[in-house]
Amino acid sequence: MDSVVVVGASLAGLRAVEALRGEGYDGRIVVIGDEVHPPYDRPPLSKGLLTGATDLSAVTLRQRPDLAVEWRLGERAVALHAADREVLLDGGRRVPYDGLVVATGATARRLPAVPEGLAGVITLRTLDDAITLRRELAGRPSVVILGGGFIGTEVASSCRTLGLDVTLVTADPLLARALGPLSAGAAARAADHGVTVVHPATVTEVRGHDRVQEVVLGDGRTLPADVLVVAVGAVPATGWLRDSGASLDNGLICDAGLGVVGLPGVVAAGDVARWPHPAFGGAPLRLEHWTNAAEQAVIAARRLLHGTAAGPCAPVPSFWSDQFGIRLQGVGLPALADETRVIEGDPAGDRFVAEFFRTGELVGAVVAGAPRALLAYRRRLTHPQRVPAL
Amino acid sequence: MHVKLDTQNCQAYANCLLTAPEVFDLDEESGIAIILQENPPENLRAVVEEAVRSCPVQALILEG
Ligand SMILES: Cc1cc2nc3c(=O)[nH]c(=O)nc-3n(C[C@H](O)[C@H](O)[C@H](O)COP(=O)(O)OP(=O)(O)OC[C@H]3O[C@@H](n4cnc5c(N)ncnc54)[C@H](O)[C@@H]3O)c2cc1C
Ligand code: SF4
């Protein structure tokens, strides 16, 4: 292999490059990314970057100086011609590859009820989004947040740190996917910190002429809004692969070792990839967590260089979320659970440990204020087939 | 191989000790990682490198 192309210049893309070099690959590496910024870290975008605790300069991911990469930043891949092993760029240029890493991540989901381009309406996925939101928040607006997942709650928390009026509108209970029945604790914590949580509710209309003024809910109520943050999840960035021959189904379908099904010489990593995790019943998973993107990138790089001998991708999923003065941390897949046990503390408080089971078997654990407690759970959830990354 | 911790930067994410419990621990009081072996043996290189990369705030530095 003489030439590797990576599409997506973010966490998974950068970690894949590092892993390729770490494994001794010394051929050409071209990284294509449609953002103009060099790879940066997304977690601060909803947290420190909004409150001012994190400097703009601190979000850039540190890079080893010896990676020898040709960066093509600000360029967008629009198609993959797998038979010719070429990536087509916006503007018509073609970039040939022997091996391709797809690391295009995900983009913020839009809602039909929310008009595109209305000033004050913001989704949060990129650094540019975060800079826009930060600028808007400086005007001390009243903020409505749509969506009660990690990003919605973190933005609510950051807005409260700034002393802003915040209403969070959510169809599902707050953090339901991550916390299941412990969701009530998260809602109580948000309320304690001055967030008005409206649940269950949806937005049916957004009103305003030059910019957003108010939001209409499904039951006819209206909420005044100077800023509307739409945080209703992310969709995998696979549009450019539409005619590539790859299977697309809530992500780019990969085999157990992150090889893209149907496309020789192509691997995928990060938020875009959907693969059968050998634990958890082998169901195809797509994770949107920082640690997963970093770990998968290493496995995908090895797969590209060593084929199926590189082994399956079986990391223990793990995530964190900083909000309202606490850090929630979890391992496994709590969303699969049919039973939850709080074994320590109070889910509405600063410190707790909770276990998640499915048909009696441990599938996950979530803690706050007790990071060391995760160690044992992580060990228990480690699949025997896990190969240590690099 | 020498591991250093930027104590100003460490945010107690604990990713490092989840990855390499042989080398890292966490002081839950201070919320700062503890390096158990500043010069870990060469056979731990792979796992130490993974731990360094797993730190979300890049507070760990590997030399040599
Ligand atoms: C606001 C926010 C906060 C988060 N907080 C946390 C957290 O606290 N904890 C946690 O575990 N996870 C968190 N995450 C999730 C984590 O950031 C992601 O899992 C991670 O960024 C995934 O990395 P990735 O490289 O797979 O994809 P991405 O980071 O999405 O990067 C994909 C890159 O590819 C580019 N791209 C897409 N299509 C093309 C194309 N056709 N051509 C060229 N380039 C393209 C994109 O512009 C982007 O730069 C957060 C995410 C966001 C948005
Ligand atoms: S992963 Fe980084 S931030 Fe977390 S405890 Fe280790 S050094 Fe500190």
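Where in chain A is Ala68(A) found? Ala68(A) sits in the loop between helix H2 (48-51) and strand S3 (70-73) of chain A. Helices (H or I, at least four residues) and strands (E, at least two) are DSSP runs, numbered from the N terminus. The phi angle of Ala68(A) is near 50°, a positive value in a residue other than glycine. Most residues other than glycine have a negative phi, and most peptide bonds are trans. A cis peptide bond, with omega about -5°, joins His199(A) and Pro200(A). Pro200(A) belongs to the loop between strand S12 (196-198) and strand S13 (203-207) of chain A.

The model is predicted: local features need pLDDT of at least 70, side-chain atom pairs count only at pLDDT 80 or more, and totals for chains, interfaces and linings use all residues. Residues are numbered from 1 along each chain as its sequence is written, chains are lettered from A and ligands numbered from 1 in the order in which they are written, and side-chain values use heavy atoms, with hydrogens and water left out.

**Domains of chain A**

Chain A is assigned domain 1 (3-107 + 235-310), domain 2 (110-232) and domain 3 (325-382); such bounds come from an automatic or database domain assignment. Taken over C-alpha atoms, the centres of domain 2 of chain A and domain 3 of chain A are 27 Å apart. Contact (heavy atoms within 4.5 Å) links 10 residues of domain 2 of chain A with 13 residues of domain 3 of chain A. The area buried between these two domains is about 860 Å², and carbon and sulfur atoms give 68% of it. Buried area is the accessible area (1.4 Å probe) that two parts lose on being put together, summed over both. On the side of domain 2 of chain A, Leu179(A), Leu182(A) and Arg189(A) lose the most area to domain 3 of chain A, together 57% of what that side buries.

Across this interface of domain 2 and domain 3 of chain A there are 0 salt bridges, a salt bridge being a side-chain nitrogen of Lys or Arg within 4 Å of a carboxyl oxygen of Asp or Glu. The same interface has 2 residue pairs in polar contact, both at pLDDT 80 or more. A polar contact is a pair of N or O atoms within 3.5 Å; within protein, one must be able to donate a hydrogen and the other to accept it, and residues adjacent in sequence count only if both atoms are side-chain atoms. Helix H5 (176-179) and helix H6 (183-192) of chain A are the elements that give two or more residues to the side of domain 2 that touches domain 3. H6(A) supplies the largest share of that side, 4 residues.

**Chain A and chain B**

Between the chains, 28 residues of chain A are in contact with 21 residues of chain B. The buried area here is about 2000 Å², with 47% from carbon and sulfur atoms. The count between chain A and chain B is 1 salt bridge. It pairs Asp25(B) with Arg372(A), whose closest N and O atoms are 2.6 Å apart. There are also 7 residue pairs in polar contact between chain A and chain B, both residues at pLDDT 80 or more. Several elements give two or more residues to the side of chain A that touches chain B, including helix H1 (11-22) and helix H7 (290-306) of chain A. H8(A) gives the most to this side, with 5 residues.

Over all chains the count comes to 23 salt bridges. One of them joins the side chains of Arg302(A) and Glu23(A) at 3.7 Å, N to O. Arg302(A) lies in helix H7 of chain A and Glu23(A) in the loop between H1 and strand S2 (28-33) of chain A, so the pair ties together parts that are 279 residues apart in sequence.

**Ligands**

There are 33 residues around ligand 1, where a residue is near a molecule if one of its heavy atoms lies within 4 Å of it. Among those that come nearest are Ser10(A), Asp34(A) and Arg42(A).

| Residue | Atom of ligand 1 | Distance |
|---|---|---|
| Ala77(A), backbone N or O | nitrogen | 2.9 Å |
| Trp290(A), polar backbone atom | oxygen | 3.1 Å |
| Trp320(A), polar backbone atom | nitrogen | 3.1 Å |

Around ligand 2 there are 13 residues, and Cys10(B), Tyr13(B), Ala14(B), Cys16(B) and Cys55(B) come nearest.
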